[in-house]
Amino acid sequence: MKNFNRILVLIVAVFLAGIAAANLSYRLLGQSPDKIYNIEANRLIDIYTDNGEIKQSDIVDCEAINRVEYISVSDLNKPAFFEGESYIIRPVYKNKTVIGYLRFDYHAVNDSASHFLSWANIILIVCLAATASVLIYLKSAVVKPMHLIESLPDRLSKGDFTATVPEQKSRFFGRFLWGLDRLRDTLQNERTKNLSLEKEKSRAVLALSHDIKTPLSAILLCSKALREGIYKDTAKQNEILLKIDDRALEIQSLVQKLQDGASEEMFDLPVENGEFYLDDVISRIENAYRWRMDLAGSCFAIEPHGNILLFGDGERLYEALCNLLENSMKYGDGKKITVGFGREDGYQLLSVTNSGCTLASSEAIHIFDGFWRGSNADGKPGNGLGLYIARNLMMKMKGEAFSHIADGEITITLVVKAA
C-alpha cells in the first residue's frame with residue numbers, strides 16, 4: 001500500500017514538474033519573439049532612408065509591424081501621434097540631423113503561442129486530474145482489497161479458517177475471491193473429515209481388536225491341542241482344523257471390511273453430475289500441458305474432435321485426464337503423448353497414449369488397483385493412486401476406464417456418457 005502511495009505521489013509530482021517546466025521555459029524564452037518588431041523597424045528605417053518612403057508592400061512582409069506613420073519635426077505637437085498602445089517611435093536622420101520620426105505599430109507575434117500554452121496547461125491539468133482519479137480508484141478497488149487478502153493463504157496454511165474474503169462491488173477479481181472462499185471451505189471440510197477419520201480409525205482399531213480377539217483365542221487353543229496331541233483320532237483332528245479355517249476366514253472377513261471402509265472414506269470424492277461440453281475440458285488440458293510438453297521436448301498431439309455435449313462432472317473429468325497425462329510424462333519415454341477420441345454406443349471415448357511403456361501385459365489387470373505400482377515405477381515418486389482415482393471418478397459419472405498395452409505403447413481410455 002505504501003509503495004502504491006509513493007507511485008501516486010511520484011506521478012502527480014512528474015505532471016506538476018512538467019507543467020512548471022513548460023511555463024518557465026515559455027517565460028524565459030518566450031520574450032525574444034516580441035523583440036522581432038525592433039528588427040523589422042530597423043529594416044523599414046533603412047528602406048525609408050534609401051527610398052524616402054515606405055510602401056505597403058514593405059509592411060506586408062513584416063511579421064510584427066502592421067502600420068507605419070511618419071511625422072516631421074515641425075508637427076511633433078500633434079498629440080494623436082503618441083496615442084495608443086504597442087508602438088515604438090524611431091528618429092529619421094538626414095545628414096546626421098533628425099528630420100522626423102517614424103511610428104511603428106505592432107502586435108505580439110507570440111499571442112498564439114501564449115494561447116496555445118494556456119490550452120496546454122488546461123489539458124495537462126485535466127490529464128493530471130484524470131490520472132490521479134484513476135489511480136485513487138484503483139487503490140480503492142484493487143490495491144486495498146488485495147492488501148486485505150494477502151495474508152489469507154498464510155492463515156489458511158496455519159489452519160486458521162476464520163478468515164473471510166470480503167466481496168467487492170467492483171468485481172474486478174471475478175471468480176478469484178469466490179475461488180479463495182471456496183478453497184477455505186474445502187480446506188476446512190478436509191480438516192473436519194480428517195479429524196473424523198482419525199476418530200473412526202481409533203474406533204475401528206478398538207472394535208477390530210475386540211472382534212479378532214475371540215476367533216484368535218479359538219485358533220490358539222485349537223493349535224495348542226493339535227500341537228500337544230490331545231486328539232488322537234484323525235476325524236477329531238480334521239474337525240479342529242476346520243474350526244481353525246473358520247476362525248481364520250472370520251478374521252479375514254473383518255480385515256477386508258476394515259480395508260473396504262478405509263478405502264471408501266479415503267477416496268470419497270464428491271462428483272456433481274451434469275452436462276458440459278468436451279471442448280471446455282480439452283481446452284484446459286491444452287493450456288495446462290502444451291507448454292510443459294514443449295519444455296520437456298515431448299511430441300504432444302491432441303487429435304481432432306467434435307464439441308460433444310457430455311454427461312458427468314467436467315471438473316472431475318479434467319482431474320482424471322490430468323492423472324493420465326501425469327502418468328504418461330512420469331513413466332513414458334517422453335517421445336510421444338497423444339490424446340485421442342472415439343464414439344461407441346452413446347459414449348465418448350477419451351484416450352491418452354504414450355510411448356516407452358515397459359509394463360508386461362500381465363500387469364495390465366492391476367493398473368487400476370489402489371496403491372499398486374508396476375515394475376516400471378522403481379526410483380520414481382508416486383503412491384499408485386492416480387489411475388485408481390481416475391477409474392473411481394469415471395464410475396461415479398456412470399462411465400468406465402480401461403487400458404491396453406501393445407508395441408511398447410500404453411493406452412488408458414476413459415469412457416464418458418454422452419448427454
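Start by selecting β8 (347-355) and β10 (409-417), which pair in the antiparallel sense over 9 bridges; two strands are taken to pair if DSSP finds at least two bridges between them. The strands and helices named on this tour are DSSP runs numbered from the N terminus, with helices being H or I runs of at least four residues and strands being E runs of at least two. Within this pair, glutamine 348 stands opposite valine 416 in β10.

The model is predicted, and for that reason local features need pLDDT of at least 70 and side-chain atom pairs count only at pLDDT 80 or more, while totals for chains, interfaces and linings use all residues. Residues are numbered from 1 along each chain as its sequence is written, and side-chain values use heavy atoms, with hydrogens and water left out.

Phenylalanine 341 stands opposite leucine 350 in β8, and the two strands form a hairpin with 2 residues between them, where aspartate 345 in the turn has a positive phi of about 50°. Colouring β8 by accessibility will show that the strand is mostly covered, since 8 of its 9 residues are buried; here buried means under 20% relative accessible area, exposed means over 50%, and partly exposed lies in between, using a 1.4 Å probe and protein chains only.

Leaving out residues up to four places away in sequence, serine 328 touches Ile337, Val352 and Asn354, where a contact means heavy atoms within 4.5 Å.

Now display the largest nonpolar core, which has 36 residues and in which Leu317, Leu321, Leu325 and Ile367 touch the most other members. A nonpolar core is a set of buried Ala, Val, Leu, Ile, Met, Phe, Trp, Tyr and Cys residues joined through side-chain atoms within 4.5 Å.

Centre the view on isoleucine 367, which, leaving aside its neighbours within four places in sequence, is in contact with Leu359, Trp372, Leu387, Ser403, Ile405, Ile410 and Ile412. A second, separate core of 16 residues can be shown in another colour, and its members include Ile59, Ala64, Phe104 and Tyr106.

**The second largest pocket**

On a 1 Å grid over the protein atoms alone, a pocket is an open set of points where a 1.4 Å probe fits, with protein on both sides within 12 Å along at least five of seven lines, and lining residues have an atom within 4 Å of a point. Its volume is about 440 Å³, a volume being the space filled by probe spheres set on the points, which are joined across faces, edges and corners.

α9, β8, α10 and β10 each supply at least two residues of the lining, and the largest share, 7 residues, comes from α9. By class, the lining has 13 nonpolar, 13 polar and 4 charged residues, where Ala, Val, Leu, Ile, Met, Phe, Trp, Tyr, Cys and Pro count as nonpolar, Asp, Glu, Lys and Arg as charged, and the others, Gly among them, as polar.

Select α10, in which Leu387, Tyr388, Ile389, Ala390, Asn392, Leu393 and Met394 are buried. Then move to lysine 398, which is placed in the loop between α10 and β9 and has a positive phi of about 60° although it is not a glycine.

**Two further stops**

Serine 86, in the loop between β1 (65-72) and β2 (87-94), also has a positive phi, near 55°, and is partly exposed, with a relative accessible area of 37%. Finally, select aspartate 245 in helix α7 (residues 234-266), a residue that is partly exposed at 44% relative accessible area; its C-alpha atom is separated by 8.6 Å from that of isoleucine 219, 26 residues apart along the chain.

Zooming out, the protein comes to 10 helices and 10 strands, and buried residues make up 31% of its 419 residues.
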